[in-house]
Amino acid sequence: MVVLATLLACVCASGQRLVLRYDKPATRFEEALPLGNGHLGATVSGGVADDLIWLNEGSLWGGCANPDNNPVPTGGPELLAEVRALLEKEDWIGAEKKVMGLQGKYVNSYLPMGTLHLRQSFDNDVLVFDYSGNNAALPESKTSSIEGYLRTLDLDNAIATTSFVVDGVEYSREIFVSHPDRVMVMHLTSSEEGKLEFDLDGATMWDGSTVQSLSSNEYLVKGQVGYYQSTKWEEPFSKWQVGPNGEKGMRYQFRVKVVRCDGQVYTSPCLHVSGASDVLILVSAATSFNGFDKRPDIEGRDENALAESFITKAEKKDLAELRNAHIADYQKLFGTVKLVLGPAGGAAELRPYSAAASPELSRGATREWTRPGSDSAPAQSELNMTTDKRLEAYAAGAEDLYLETLYFQFGRYLLISSSREDSEVPCNLQGLWCKDRHPAWGSDLHTNINVQMNYWPAEPLGLSQTALPLIEFIKNSSVAGAEIVKNMYNMGGWTVHHNSDIWCAANPVGDKAGSPSWANYVMAGPWLCTHLYEHYLFTEDKAYLAGTAYPLLKGSAEFLMDWLIEKDGKYITSPSTSPENTFIDDNGNRGQVTIGSAMDLEICWELFTDVIEASEVLGVDPELRAKWIHYRDNLHPLQIGAAGNLVEWYKDWKDVEPEHRHVSHLFGLHPGHEISPLTTPELAHAAVKTLERRGDGGTGWSKAWKICFWSRLLDGDHAHKMYRELLSKSTLPNLWDTHPPFQIDGNFGSVAGIGEMLLQSQNGEIHLLPALPSLWEDGSVQGLKARGAVSVDMSWAGGKLKTAALRYSPVTLGGSSKIAVRTSVPVKVKGASSRTKKDGAYFLTTVTLKPGQECLLTAK
């Protein structure tokens, strides 16, 4: 057997730690550093005299599980029939007005839990940052200079630090949020005895909250949020504190306890520490959320007991034990994938941007940037360059392989930190981190791309466990989704519409006044179901497929068969939208609702294909399978427009916004697999034309999607161009993506796109380096995942594959698997039987592996 160490011996390694670095405290939320364990989130500003930490608990949402409070509109089937009749007459405006009658209440918002203010005192009252190191110009009395300031987030251990020197005393703060111990750990030290003096105050923005001292070294902040806290921005919170039947919202609390201190500590009611040099603090948080179908006010968990138990357990450990358990747990996920771009030792170097290396990038304004120091090696100032300065230099045109690698791994870090196997809810629009009473779009679960994009990197980037909260959410949503479909449409199966929340709401939102272009989107259920089958493809867990995924896929297919109507001998959807976009028909009429949009048909094709394959794997339901095949094969075909573009609507109509941020009609290219340059070249060419017409602008998440599109089109240089656009124009100082405002889906979608540049497996074969950018001519990657439960390690040089190691690791053990591998160079195989044939410009090698077996491919 060939072991992966054979490959790794050939892989170059930079030895550079993955660290976000800053030489100033954060002045706003979008500069602060995020920490999390899938439950408790903290965003650390790193202030010297006032260190503000925003706290979140992933299950703290407005609302209450009570479907009676959001009743399904009566007369839904009749209203739907009227809408379809209007659409048949091409009365778009009439159909839009009529379909609004199906809309219900807005979903609930994700809510911030509170803040911690660490207010540190020093011998002198006035603190002055001194970046020059020249203290002679500073006043001598009652003024202290702050020197050597540094705050970091180390992605290798998920620990944030702040360090600085005041009056010759070194101060350090170390903060991490432990998943195994369910607490935030804060360790504060000073280099001289007795120099630590600070208050640690907790607060929350919600009315009726209380701060209570529990002992001389512990206090809690607790309260209860409103029964309905709408995502509608102008909705006053005071309007819905108590429901019509006496319902109340979720209870919450967080606790703060000093568990080690070599000085004095008391509470009044918050913490005050003095005369110390080493302090260890634990923070826990909990809510009364007890499931999507339980009222948190009368059926909720005991949040008090939960928060207390987390600290009681954790305080039995010393700092080293807490830290080691945290790192070991985190590294089980984060350490699965390693990416090195460039030659050994060169990852930190910045170079002037080379348009010649990537012709696509030469369009538009000329970019120039010259790094300080020698051209032959990175200057020490570059190695220590802060992340915000790196971003600035990159936006000005520098090449920075270290920054590109750092951002990739930061995306994986964010997914691990916000979504763990035991998280109560999937990542929302801001992941886990939210500071606002009225967050943008309620920081809810947008299901017309955003929550799906959050999980695009989970399977291919070695983080399959992080997808489990999404899978549980889909399962729970099918309950309300089935009731909605039955009562609103008189149909079978289930679906979800445009928005949802922790209560798994499935109805169209909008209060009968929302734009149908988003509010009445009906295809979220089938789209979500594609994630269920993807999880199987990457794991080959047949027990999961049979017990969880397949029943949900069947229910979604049942809905689609009821929802589709026949027109001109083909199946179409009616009503239909292309999310958030508007068309102009041949008569100059604007519309948002029509029939048979491309995205709907592509999602139908994907869902039917998934459920067909799943039934074949399980060997069940042959009669149903025949029906699914009939519906899939008789969908209205995708069309190519007069300009060579893929048609977005039922006809080749114009867009009100030609460069609209959504490119929904390319779903079949990504994340779907109906369109491919290798299998459907004409449709792929139409996708290229569509992207050229759409342009390279857009929101952060839109650029992320375009990275994925261009990767699937095998154009690595254009995919990299979009990566540059995102990093240069849509990335905040702390590397969060911005819509604007901050929205985390762009982080996740873009790193999924990087994975697509390096490895693709959607077409029943593993394609190595399918869209490698010219600027990444040397590198290596370890731990990528391919469909078929295959792990892949690779190295390349001069833009060509050198070596690749494959390991077949299905969850359900069985016989051997034949794995097709597509490469641009011929390879020899060691460790498995194989055969190779030429396929156009590629080489297609088939290897046969048993569970647990590995093989090594080496370029000839």
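**Backbone exceptions and aromatic contacts**

Arginine 182 lies in the loop between β9 (169-178) and β10 (183-190), where helices (H or I, at least four residues) and strands (E, at least two) are DSSP runs numbered from the N terminus. The model is a predicted one, in which local features need pLDDT of at least 70 and side-chain atom pairs count only at pLDDT 80 or more, while totals for chains, interfaces and linings use all residues. Residues are numbered from 1 along each chain as its sequence is written, and side-chain values use heavy atoms, with hydrogens and water left out.

With a relative accessibility of 19%, arginine 182 counts as buried (under 20% relative accessible area; exposed is over 50% and partly exposed in between, with a 1.4 Å probe and protein chains only). Leucine 769 also has a positive phi, near 50 degrees, and is not a glycine. This leucine 769 sits in the loop between β29 (766-768) and β30 (779-786) and is buried, at a relative accessible area of 13%.

Cis peptide bonds come next. One joins histidine 670 to proline 671, with omega at about 10 degrees; proline 671 belongs to the loop between β27 (654-655) and α16 (681-694). Another links histidine 739 and proline 740, with omega at about -5 degrees. Proline 740 is placed in the loop between α18 (716-729) and α19 (745-758).

Turning to the side chains, the structure contains 31 aromatic pairs (rings of Phe, Tyr and Trp, the last by its six-membered ring, with centres within 6.5 Å; planes under 30 degrees apart count as stacked, over 60 as edge-to-face and the rest as tilted). One of them is the edge-to-face pair of phenylalanine 122 and phenylalanine 164, at 6.2 Å centre to centre and 70 degrees between the planes. Because phenylalanine 122 is in the loop between β5 (114-120) and β6 (126-129) and phenylalanine 164 is in strand β8 (residues 159-166), the pair ties together parts 42 residues apart in sequence. Phenylalanine 122 is buried at 12% relative accessibility, and phenylalanine 164 is buried at 3%. Elsewhere, Phe29, Trp54, Trp433, Trp736 and Phe742 make up one aromatic cluster.

Charges also sit over rings (NZ of Lys or CZ of Arg within 6 Å of the ring centre and within 35 degrees of the ring normal). The charged end of arginine 84 lies over the ring of tryptophan 563, 5.1 Å from its centre, and that of arginine 724 lies over the ring of tyrosine 394, 4.1 Å from its centre.
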